[in-house]
Amino acid sequence: SLLVSIIALGIIITIHEFGHFLAARAMGIGVIEFSIGMGPRICSKVIGNVRYSLRIMPFGGSCMMLGEELDE
């Protein structure tokens, strides 16, 4: 069903992005934000120096590392 597919995709994305998170930490690269989903944040929490976010669209995710932030 569609719901099961969305949940399965969410789990795969979470595992994939967590791999980026672990690799960055292992290499000594700072992580700014670890988020699951895309679009506006539903909720977030800062633990240490990392913001953990859940976003509104369940497709995609990101692990923003130091040096990737946008310059204003």
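Predicted model: local features only at pLDDT ≥ 70, side-chain atom pairs only at ≥ 80, totals over all residues.
**Exercise 1.** Find how far helix α1 reaches, which of its residues are buried, and what covers them.

*Solution.* Start with the span: α1 covers residues 2-26, and its 25 residues reach 36 Å from the first C-alpha to the last. That is close to the 36 Å expected at 1.5 Å a residue. Next, pick out the buried positions, which are Gly10, Ile13, Glu17, Phe21 and Ala24. Their cover includes the strands β1 (31-47) and β2 (50-65). Finally, look just past the end of α1, where Gly28 has a positive phi of about 80°.

**Exercise 2.** Classify the aromatic pair of Phe18 and Phe21, and say how exposed each residue is.

*Solution.* A pair of rings is described by the distance of the centres and the angle of the planes. For Phe18 and Phe21 the centres are 5.7 Å apart and the planes 15°. Planes under 30 degrees apart count as stacked, so this pair is stacked. Along helix α1 the two are three residues apart, which means about one helical turn between them.

**Exercise 3.** Work out why the pair of Phe21 and Tyr52 is called tilted, and which parts the pair ties together.

*Solution.* The ring centres lie 6.1 Å apart with the planes at 55°, so the pair is tilted. Phe21 sits in helix α1 and Tyr52 in strand β2, so the pair links parts 31 residues apart in sequence. Tyr52 itself is partly exposed, at 29%.

Note on methods
Residues numbered from 1 in each chain as written. Heavy atoms only, no water. Helix = DSSP H or I, 4+ residues; strand = E, 2+ residues; numbered from the N terminus. Expected span 1.5 Å × (residues − 1). Buried < 20%, exposed > 50% of the residue type's maximum accessible area, 1.4 Å probe, protein only. Contact = heavy atoms within 4.5 Å. Phe/Tyr/Trp six-rings, centres within 6.5 Å; stacked < 30°, edge-to-face > 60°.
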